[in-house]
Amino acid sequence: MPRIRIPIYVAVRAALRVAAISCWCVAPAAVPAQEPDWTQPVEPFRIAPGIFYVGTHGLAAYLITSKDGAILVDGTVAENAPLIERNIESVGVPLKQVKLIVTDHAHYDHVGAVAQIKRDAGARVAASAGDAGALRRGMPRGDTNYPATAFAPITINQIVADGQSVAVGDAVVTAHLTPGHTPGCASWSTTVTDGNRPLHVLFLCSITVAGNVLVGNRAYPGIAADFEKTFAKLSAMQADIVLPSHPGVADVLGREVRVRAGDTNAFIDPAALPAIVAQSKADFEAALAQAQKAAR
Ligand code: ZN
């Protein structure tokens with residue numbers, strides 16, 4: 001029987017709407033501070049050779065493994081730390097083998113658990129200069145239309161520049177600075193080999209406006225220009241697999257269901273990145289036009 005698939009651009013539009021609401025540090029009073037699915041467990045699963053999903057239903061954490069240790073991308077909210085640690089071990093990686101943690105951006109829904117996981121694993125943390133201060137303080141910077149939420153401060157062991165790679169054994173991730181959502185928002189790429197086929201994987205930072213003040217942002221005056229540069233940069237990039245910090249943005253969990261149903265290539269989708277970027281750019285431009293109009 002033919003399977004009905006939702007086109008990626010329709011799924012992206014719906015998921016970005018959710019991410020734009022939920023990826024706020026704390027939403028306005030009308031919106032719950034924390035989405036229920038952020039702490040909802042899911043069975044960890046393999047995405048590609050050496051890459052595993054170890055997050056929850058609504059917040060991603062990814063593990064990149066090597067024989068010499070592993071890299072964790074993101075930690076999710078603080079209360080998930082024991083769950084993420086169990087998930088890591090359940091895919092066969094002892095927690096102490098997590099040697100390096102990188103994060104996509106300094107908001108509590110992605111880094112709240114990092115301080116504890118870092119401590120428990122004895123891992124190093126690498127971060128971009130733009131978000132390092134916020135990570136060390138445990139508080140994001142930038143003017144937003146909601147009150148920010150603190151998280152446990154994180155010791156940064158290494159500052160990573162745009163294009164710089166960090167490695168654990170033969171697991172290597174390269175930083176691609178994609179600021180806007182936060183000043184140091186970092187996407188990370190790696191390449192894995194599936195059979196003889198190289199797969200370019202991009203761990204995509206949030207690129208939603210999500211309550212950021214776009215006009216007259218005193219804490220982050222260059223925010224709109226940064227968003228524009230980020231969209232141009234991501235438009236020129238190519239990824240076979242996109243893994244965002246909010247998994248719904250690329251239907252990560254839905255793809256896993258498809259893999260289990262026999263569609264072994266469900267994670268491979270070079271059309272996903274352009275679709276996500278195009279929708280986010282359109283949403284940003286609409287938000288910027290509205291902010292500029294309001295400022296007149
Ligand atoms: Zn965020």
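These legends describe close-up views of one predicted model.

Local features here need pLDDT of at least 70, and side-chain atom pairs count only at pLDDT 80 or more, while totals for chains, interfaces and linings use all residues. Residue numbers start from 1 along each chain as its sequence is written.

**View 1. The protein chain in overview.** The secondary structure comes to 8 helices and 12 strands. Both are DSSP runs, helices being H or I of at least four residues and strands E of at least two, numbered from the N terminus. Of the 296 residues, 50% count as buried. A buried residue has 20 or more other C-beta atoms within 10 Å of its own; 12 or fewer make it exposed, values in between partly exposed, with C-beta atoms placed from the backbone. Among contacts with a separation of 6 or more, 69% link residues 24 or more positions apart. A contact means that two C-beta atoms, placed from the backbone, lie within 7 Å.

View 2. S4 spans 69-73. 5 of its 5 residues are buried, so S4 is largely enclosed by the rest of the structure. Gly69, Ile71 and Val73 cover one side; Ala70 and Leu72 are on the other. Strand S3 (residues 62-66) runs antiparallel to S4, joined by 5 bridges. Two strands count as paired if DSSP finds at least two bridges between them. S3 and S4 make a hairpin with 2 residues between them. Ile64 has Ile71 of S4 as its bridge partner. S4 also pairs in the parallel sense with strand S5 (residues 98-102), over 4 bridges. In that pair, Leu72 stands opposite Ile101. The chain crosses from S4 through H2 to S5 in a right-handed β-α-β crossover. Right-handed means that, with the strands pointing away from the viewer, the path from the first strand over the helix to the second runs clockwise.

View 3. Asp74 lies between S4 and helix H2 (81-90). Its phi is positive, about 75°, although Asp74 is not a glycine. Asp74 counts as buried because it has 28 C-beta neighbours inside 10 Å.

**View 4. The open sheet S8-S9-S10-S11-S12.** Its 5 strands follow that order with mixed pairing. Strand S8 (165-168) and strand S12 (241-244) are the edges, each pairing on one side only. Strand S11 (residues 197-204) and S12 pair in the parallel sense over 4 bridges. Leu204 has Pro244 of S12 as its bridge partner.

View 5. Ala210 counts as buried because it has 24 C-beta neighbours inside 10 Å.
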